[in-house]
Amino acid sequence: MADIPPYFTVMFQDTEVAKVTLDKKKTIIEKYVPDSYCQPFGGPRQDRLRVYEFLESRCYENERGDLKEILEQASLTSNNPWEWVRITHGVTWEDFFWIRFPGENLKWKDVRVR
């Protein structure tokens, strides 16, 4: 599994909406925009499960009949949310959220799928 950086930025197109910091003892979600349609971390929860649920929402469903083939094409052995977002930046067809990792200067035009 790829190393998890100490933080990542959640983007809504080209707007930074949250910074997620993970360490061994705590999870910190800094919201840069208020709770709204462009804030994936609505409410007060600041836990690792909340972050995992967001990352999992960026993946293919485990029930897909063709998941094994998709995993093989991506050189993955499991439907691991962290591995998916490292490959795809968490981009999906359904919304405009994505993840920018430390040291990247990517913009929405660089990662979008539509």
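I take a polar contact as a pair of N or O atoms within 3.5 Å; within protein, one must be able to donate a hydrogen and the other to accept it, and residues adjacent in sequence count only if both atoms are side-chain atoms. The model is predicted, and I keep local features only at pLDDT of at least 70 and side-chain atom pairs only at pLDDT 80 or more, while totals for chains, interfaces and linings use all residues. I number residues from 1 along each chain as its sequence is written, and side-chain values use heavy atoms, with hydrogens and water left out.

**Threonine 92**

I looked up threonine 92 in the loop between helix 3 and strand 4; helices (H or I, at least four residues) and strands (E, at least two) are DSSP runs numbered from the N terminus. A polar atom of the threonine 92 side chain lies 3.4 Å from the backbone nitrogen of glutamate 94. The side chain of threonine 92 also makes a polar contact of 3.4 Å with the side chain of aspartate 95. Threonine 92 has a relative accessibility of 10% and counts as buried; buried is under 20% relative accessible area, exposed over 50%, partly exposed in between (1.4 Å probe, protein chains only). Leaving aside neighbours within four places in sequence, I find threonine 92 in contact with Ser57, Arg58 and Val113, contact being heavy atoms within 4.5 Å.

**Helix 3**

I then went back to helix 3, residues 81–88, where Pro81, Trp82, Glu83, Trp84 and Val85 are buried. The buried residues of this helix pack against strand 1 (7–12), helix 1 (48–57), helix 2 (67–73) and strand 4 (97–100). At the N-terminal end, asparagine 80 is the cap, with a side-chain oxygen 2.8 Å from the backbone nitrogen of tryptophan 82. Histidine 89 follows the helix and has a positive phi, near 60°.

**Salt bridges**

My search of the whole structure gave 7 salt bridges, each a side-chain nitrogen of Lys or Arg within 4 Å of a carboxyl oxygen of Asp or Glu. In one of them, arginine 100 meets glutamate 16 at 2.8 Å, N to O. This pair links strand 4 to strand 2 (residues 15–22), 84 residues apart. Arginine 100 is buried at 12%, whereas glutamate 16 is partly exposed at 38%. Aspartate 110 and lysine 109 pair at 3.3 Å, N to O.

**Cysteines**

I searched the whole structure for disulfides and found 0, the cut-off being cysteine sulfur atoms within 2.5 Å. Cysteine 38 is buried at 14%, and cysteine 59 is buried at 14%.
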